[in-house]
Amino acid sequence: MIEAPGNIGYAAGVNLAMSQAPEADAWWVLNPDTEPGPEALAACVARLDRGDCDAVGATLFLPNGRIQTCGGHWQTLLGRAVALGSGLSVNADVDADAIEQKQSFLSGASMLISRRFLGVTGPMREDYFLYCEEVEWCLRARRMGMRLGFAPQARILHNAGA
């Protein structure tokens with residue numbers, strides 16, 4: 001347990017937590033309003049271990065059994081983030097390769113971040129206090145050559161702000 005010196009925001013909280021375990025091979029950023037399935041972390045680690053990506057996202061679903069997101073796509077011209085897979089049943093077959101081709105950011109509610117990702121990209125920008133920190137982080141990472149993976153078997157209930 002790490003006690004922050006007050007409400008420092010999402011990005012600063014993530015950075016603080018990661019700084020407490022600098023020797024880690026990876027960090028699982030997980031929102032407190034999530035409930036990972038028993039296979040979630042193992043699925044993310046297995047995807048990262050394939051060696052062709054630097055950070056891994058999961059299937060986030062809502063209490064109604066519908067997918068919230070399998071990752072996101074940033075539409076530069078519209079300045080808008082689009083959730084991939086949104087609205088599908090959590091039991092739907094999701095094409096992981098198609099998600100990985102389309103995604104430009106991972107959902108901040110669950111991200112497995114490798115040591116390489118953090119070493120190349122650096123920490124989250126703390127001037128983003130709440131919302132879009134992960135979008136900026138992943139877009140910056142991709143510009144630096146980092147690759148994003150997706151583990152469809154990593155299913156995580158997101159109670160969305162509960």
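**A friendly note on salt bridges and a surface patch**

1. Let's start on the outside: leucine 130 counts as exposed because its relative accessibility is 51%, where exposed means over 50%, buried under 20% and partly exposed in between (1.4 Å probe, protein chains only). Please keep in mind that this is a predicted model, where local features need pLDDT of at least 70 and side-chain atom pairs count only at pLDDT 80 or more, while totals for chains, interfaces and linings use all residues. Residues are numbered from 1 along each chain as its sequence is written, and side-chain values use heavy atoms, with hydrogens and water left out.

2. Where does leucine 130 lie? Look in the loop between helix H4 (115–121) and helix H5 (133–143); helices (H or I, at least four residues) and strands (E, at least two) are DSSP runs, numbered from the N terminus. Together with Phe129 and Tyr131, Leu130 forms a nonpolar patch on the surface, and the three have about 370 Å² of accessible area together. Such areas come from the Shrake-Rupley method with a 1.4 Å probe, and for residues only the protein chains shown count as cover. Patches are made of residues with over 30% relative accessible area and no salt bridge, joining like charges within 9 Å and nonpolar side chains (Val, Leu, Ile, Met, Phe, Trp, Tyr) within 5 Å.

3. Now for the charged side chains. A salt bridge is a side-chain nitrogen of Lys or Arg within 4 Å of a carboxyl oxygen of Asp or Glu. By this rule there are six salt bridges.

4. One of them joins arginine 47 to aspartate 52, with the closest N and O atoms 2.5 Å apart. Arginine 47 is buried because its relative accessible area is 5%, whereas aspartate 52, at 35%, counts as partly exposed. Arg47 and Asp52 are also linked with Glu100 in a network of salt bridges.

5. Next, follow arginine 147 to aspartate 54: their side chains meet in a salt bridge of 3.4 Å, N to O. This pair links distant parts of the chain, 93 residues apart: arginine 147 is in the loop between H5 and strand E8 (148–158), and aspartate 54 is in the loop between helix H2 (40–49) and strand E3 (55–61). Aspartate 54 counts as buried at 3% relative accessibility, while arginine 147 counts as partly exposed at 37%.

6. Finally, which side chain does arginine 140 meet in a salt bridge? The partner is glutamate 136, at 2.9 Å, N to O. Both residues lie in helix H5, four residues apart, about one turn of the helix. Arginine 140 is buried, with a relative accessible area of 14%, and glutamate 136 is buried too, at 11%.
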